[in-house]
Amino acid sequence: MADVPVLVCTDGGLKGRSFIVPEGGLKLGRAAENDIVIQEDGVSRFHASLILDNGTLWLRDAGSRNGIFVNNQRVTDHRALKVGDELTISEHTFAVRWKGSAVDADPTEEVPIENKSKSRWFWPFSS
C-alpha cells in the first residue's frame, strides 16, 4: 500500500510522537488494551477507533462520554478523515498525515502499532 496514514500528536502528553495506522485499524482510549493509550481523566477506557478501508481512513466514537472532535466538531458516530484533519480527545490533538508526506516535516518519534485486537474489523465497524 502506497499511502499509509499516520497520526501525529501535536498537543498533550504524547506530543511529538507519531503513530502509523495499520491495515487492521487501531483503538484509542485509557485502557491498556488500546493501541494508543491516553492516560487522562477525560478519556474513556475505550474512546474511539480508526479503520483503514479501501484507502479511506474512518474514525468512530466508541460511545465515549466526553466525545471526540474533528476540526473542533464533535463526531457522534463515524466520519471519513482526510490529510490535515485534527482529532481532539480531551487534552490530546492528533493531526492526520500520510507517511512521508511533505506536511509531516516535524521530526517525531514514529511508533508502529502492533494491533492488539484479535478480530478483524469489518464495515460498519463491528467489534
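**Figure 1. The whole chain and its surface.** What you see here is a predicted model. Of the chain's 127 residues, 44% count as buried. Welcome to a structure built with strands: the protein chain has twelve of them and zero helices. Reading along the sequence therefore gives the pattern β-β-β-β-β-β-β-β-β-β-β-β. Among contacts between residues at least 6 apart in sequence, 44% join residues at least 24 apart.

**Figure 2. Strand S1 and its two partners.** Let us start with S1, which covers residues 5-11. Five of its seven residues are buried, so this strand is largely enclosed by the rest of the structure. S1 pairs with S11 in the antiparallel sense, over six bridges. S1 also runs antiparallel to S2, to which three bridges join it. Leu 7 is a handy landmark here: its bridge partner in S11 is Val 96, while in S2 it stands opposite Phe 19.

**Figure 3. The turn between S1 and S2.** Follow the chain out of S1 and you come to a hairpin, with five residues between S1 and S2. In this turn, look for Gly 12, which has a positive phi of about 110 degrees.

**Figure 4. An aromatic pair formed by Phe 19 and Phe 94.** A search of the whole structure turns up one aromatic pair. Phe 19 belongs to strand S2 (residues 17-20) and Phe 94 to strand S11 (residues 92-98), so the pair ties together parts that are 75 residues apart in sequence. Both Phe 19 and Phe 94 are buried.

**Figure 5. Asp 77 in its loop.** Our last stop is Asp 77, found in the loop between strand S8 (73-75) and strand S9 (78-81). Is Asp 77 buried, exposed or partly exposed? Its relative accessibility is 45%, so Asp 77 counts as partly exposed. The side chain of Asp 77 makes a polar contact with the side chain of His 78, at 3.2 Å. Setting aside neighbours within four places in sequence, Asp 77 is in contact with Leu 59, Arg 60 and Asp 61. Ala 62 lies 15 residues from Asp 77 along the chain, and the C-alpha atoms of these two residues are separated by 8.1 Å.

Technical notes
Residues numbered from 1 in each chain as written. Predicted model: local features only at pLDDT ≥ 70, side-chain atom pairs only at ≥ 80, totals over all residues. Heavy atoms only, no water. Phe/Tyr/Trp six-rings, centres within 6.5 Å; stacked < 30°, edge-to-face > 60°. Helix = DSSP H or I, 4+ residues; strand = E, 2+ residues; numbered from the N terminus. Buried < 20%, exposed > 50% of the residue type's maximum accessible area, 1.4 Å probe, protein only. Contact = heavy atoms within 4.5 Å. Polar contact = N/O pair within 3.5 Å; in protein donor to acceptor, adjacent residues only side chain to side chain. Pairing = 2+ DSSP bridges.
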